[in-house]
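Please view the sequence and the structure together while reading.

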Amino acid sequence: MTLLAKYHVPGLVVEDHAIEVPLDWHGRDPMDVVRSGFGETDDGGETIGLFYRVLCAPEHVHDDLPLLVFLQGGPGGQCPRPLGPDDDGWIAEAIRHFRVILPDQRGTGRSSRVEPRSIDGMSARQAADYLKRFLADSIVRDFEYLRLTEFRGQRWVSLGQSYGGFLTLTYLSLFPRALAASFTTGGIPHVPASADEVYAHTFPRMMRKTRQYYERYPQDRARVAAVADLLAGGEVRLPNGDPFSVRRLQMLGSDFGMKPSFERLHWLIDQAFVDGAFGADEHSGKIRESANLSSGFAMEVLARTASYGRPLYWPLQEFIYADGELEKPIRWAAWSELQRHPEFAVDARPLMFTGEAALPWMFEEDSALVPLRPAVDVLMQDTHFGRIYDADQLARNEVPLQAAVYFDDMYVDSGMQLDTLSRIGNAHAWVTNEFEHDGVHHGTTVFRHLYEEALYRGDLDSLL
């Protein structure tokens with residue numbers, strides 16, 4: 001174990017660690033790699049760094065606590081950077097019972113980070129194969145290798161948020177004996193996986209969310225329309241030089257499944273114009289000749305929509321639904337579905353906002369994504385991916401699985417979650433409309449409820 005640093009954040013004892021893992025896990029099992037003496041006698045090819053943190057409550061620092069590993073959302077998401085135990089709701093509750101492991105998934109955060117320059121000199125095919133190495137089958141093998149080498153093979157509990165729930169089912173499929181229990185929040189994928197099916201459900205939910213936004217802030221219909229009409233001229237640029245298109249504006253709905261997203265967008269639109277009032281004539285609705293977007297508004301749009309901070313998120317978005325040998329390529333599934341919904345046209349009014357959908361134009365207008373377009377185009381035509389789910393293994397699953405299913409979840413359809421859970425052994429669903437997709441981060445309620453359900457059923461007896 002490589003200890004990089006040990007320090008205190010208010011209310012938390014933090015340790016930073018890093019290990020090396022194989023870049024390519026194809027044909028290799030973590031246990032076999034451990035037995036071979038990887039890093040000493042095993043010539044396993046290129047390696048990458050895997051960074052992780054260990055959190056503990058100061059009063060438990062010397063206690064022998066069970067382990068909880070957090071499977072971060074994404075794809076391409078790094079672990080939380082807590083400001084204190086109460087900053088992220090589940091952490092405050094979890095450190096009462098567990099030593100918490102926060103890995104940065106491969107390619108993110110302080111793990112060997114993937115940037116556009118990471119594929120410099122590669123052909124599109126080589127870059128596509130490289131990006132495949134950062135999907136669930138590799139992520140879970142990293143975590144299993146981490147458990148075996150750094151935590152003496154001790155079984156741990158997992159908490160998977162959003163895409164972390166997808167990783168949970170991969171973990172339960174590949175290495176069920178590693179887990180004492182699993183919790184998921186807003187993250188049970190449909191098995192069998194289908195990107196087409198996912199986006200057929202996504203765009204109707206986005207329309208409902210957009211309409212709810214305009215119902216809450218009816219004055220924003222005209223304000224958003226005025227911004228879109230101004231952008232339609234095609235001459236507006238974001239501060240980094242990227243085109244500020246209507247499609248880029250529509251991306252601001254990406255967090256409509258989080259709280260308080262409607263308020264964040266409302267106050268952003270509130271300061272869109274330099275004059276501080278309205279960018280269009282209040283009676284005719286036509287844009288004033290003097291109307292100009294404020295630089296602060298443009299800078300905030302750039303911050304919310306650019307991919308510099310998470311370069312893997314959009315390139316991998318549709319391939320989290322790729323499981324093994326596909327019957328047909330994915331071929332921009334979200335874009336294909338979008339064409340069936342004229343309500344999302346850039347000249348439609350009221351303007352509809354889009355959600356979690358990777359679209360081809362993003363790889364033309366977002367300068368952080370432009371270098372990745374050739375590789376993503378190859379992946380969109382590919383049919384060969386790593387196997388991530390074993391339906392038979394999930395059906396006979398014995399690991400207690402407690403799932404929070406958010407009834408109105410914008411990103412992961414609740415009906416599809418419940419369908420999958422009905423076919424997983426020892427799975428328990430708590431369905432609630434009290435929270436949005438990020439409910440586990442807001443207060444201790446969600447994680448405490450799941451923990452207490454598991455406790456009352458005796459699912460955690462082996463750890464206590």
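A cavity is a set of points on a 1 Å grid over the protein atoms alone where a 1.4 Å probe fits but cannot get out; grid points are joined across faces, edges and corners, and the volume is the space filled by probe spheres set on the points. The lining of the largest cavity comprises 21 residues, and Phe166, Val198, Tyr321, Tyr411 and Val412 are the closest to its centre. Lining residues are those with an atom within 4 Å of a point. Two or more residues of this lining come from each of helix H5 (163–174), helix H6 (195–216) and helix H16 (414–421). By residue class, the lining of the largest cavity has 12 nonpolar, six polar and three charged members. Here Ala, Val, Leu, Ile, Met, Phe, Trp, Tyr, Cys and Pro count as nonpolar, Asp, Glu, Lys and Arg as charged, and the others, Gly among them, as polar.

The structure holds two cavities of 30 Å³ or more. The lining of the second largest cavity divides into 10 nonpolar residues, two polar and one charged.

Attention now turns to the protein as a whole. It has 17 helices and nine strands, which are DSSP runs numbered from the N terminus (helices: H or I, at least four residues; strands: E, at least two). The radius of gyration is 23 Å, close to the 23 Å that the globule rule gives for 464 residues, so the protein is as compact as a globular protein of that length. This radius is taken over C-alpha atoms, and the rule is 2.2 Å times the number of residues to the power 0.38. Along its principal axes, the C-alpha trace spans about 70 × 50 × 45 Å.

Of the 464 residues, 59% are buried, that is, under 20% relative accessible area (1.4 Å probe, protein chains only). Among contacts (heavy atoms within 4.5 Å) with a separation of 6 or more, 78% join residues 24 or more positions apart.

Residues are numbered from 1 along each chain as its sequence is written. In this predicted model, local features need pLDDT of at least 70, side-chain atom pairs count only at pLDDT 80 or more, and totals for chains, interfaces and linings use all residues, while side-chain values use heavy atoms, with hydrogens and water left out.

Notes. 1 Å grid on protein atoms, 1.4 Å probe; cavity = no way out; pocket = protein on both sides within 12 Å on 5 of 7 lines; lining within 4 Å. Buried < 20%, exposed > 50% of the residue type's maximum accessible area, 1.4 Å probe, protein only.
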